[in-house]
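Please examine the structure shown below together with its sequence.

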Amino acid sequence: MSTLSSPAGGVSRSSSPASAEADGGGTLRAMGVQSGGISELVEPYRIKRRRPDFHVVIFTTGGSAAWGAGGASGRFSRGSVRVFPAGKPHEYWAIAKWSMFWLHLDNSENWTFLQDDVEPAGPAVTTSPYR
């Protein structure tokens, strides 16, 4: 697990089990998974992407954060999942302590459905709280 600080002072404790090195046989990489991890973030952590060349999937496991994309905005809460499609500007930030699992996926044939018929802010799914 590593600790990262953003220029604004937010802290991220992350591990990246989906990295190419951790995926001995390369199966995740072959499926277009660039990286992934579990992060614990605090205010003022903020990410802003203008035209990312990868899709971002975020599953919130606890805490609170907010997002903005395509003129829309909202909040992350425990059990929510949000997809930000490749090539679409977006940003997200911690409001309080925020725990989440994230994936960066190639903008490739494996994941083209994430680009098709998606609202500007990307699809959102809210699940019932897990146990």
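The model is a predicted one.

In soluble globular proteins, nonpolar side chains tend to be buried together. Here the largest nonpolar core comprises 15 residues, and Ile58, Phe76, Phe84, Tyr92, Trp98 and Met100 are those with the most contacts inside it. At least two residues of this core are supplied by each of strand S5 (54-69) and strand S8 (90-106). S5 gives the largest share, six residues. Another core, of seven residues, lies apart from this one; Val57, Val83, Trp111 and Leu114 are among its members.

Tryptophan 98 deserves a separate look. Leaving aside residues up to four places away in sequence, tryptophan 98 touches Ser39, Glu40, Leu41, Ile58, Thr60, Gly62, Gly63, Ser64, Ala65, Phe76, Tyr92 and Trp93. Of these, Ile58, Phe76 and Tyr92 are also named among the residues with the most contacts inside the largest core.

The aromatic rings can now be taken in pairs. A pair of aromatic rings is described by the distance of the centres and the angle of the planes. The structure contains seven aromatic pairs. One of them joins phenylalanine 84 and tyrosine 92 in a stacked arrangement, with 5.9 Å from centre to centre and 15° between the planes. Both phenylalanine 84 and tyrosine 92 are buried. The pair of tryptophan 111 and phenylalanine 113, in turn, is tilted, at 6.0 Å centre to centre and with 45° between the planes.

Two arginines lie over the faces of tryptophan rings. Arginine 46 lies over the face of tryptophan 93, at 4.1 Å from the ring centre; tryptophan 93 is one of the residues touched by tryptophan 98.

The last stop is arginine 29, located in helix H1 (residues 27-30). Is arginine 29 buried or partly exposed? The relative accessible area of arginine 29 is 37%, so this residue counts as partly exposed. Its side chain is joined to that of aspartate 106 by a polar contact of 3.2 Å. In sequence, arginine 29 and aspartate 106 are 77 residues apart, while their C-alpha atoms are 9.1 Å apart in space. Aspartate 106 falls at the end of the range given for strand S8 (90-106).

Conventions
Residues are numbered from 1 along each chain as its sequence is written. This is a predicted model: local features need pLDDT of at least 70, side-chain atom pairs count only at pLDDT 80 or more; totals for chains, interfaces and linings use all residues. Side-chain values use heavy atoms; hydrogens and water are left out. Helices (H or I, at least four residues) and strands (E, at least two) are DSSP runs, numbered from the N terminus. Buried means under 20% relative accessible area, exposed over 50%, partly exposed in between (1.4 Å probe, protein chains only). A polar contact is a pair of N or O atoms within 3.5 Å; within protein, one must be able to donate a hydrogen and the other to accept it, and residues adjacent in sequence count only if both atoms are side-chain atoms. A nonpolar core is a set of buried Ala, Val, Leu, Ile, Met, Phe, Trp, Tyr and Cys residues joined through side-chain atoms within 4.5 Å. Contact means heavy atoms within 4.5 Å. Rings of Phe, Tyr and Trp (its six-membered ring) pair if their centres lie within 6.5 Å; planes under 30 degrees apart count as stacked, over 60 as edge-to-face and the rest as tilted. A charge sits over a ring if NZ of Lys or CZ of Arg is within 6 Å of the ring centre and within 35 degrees of the ring normal.
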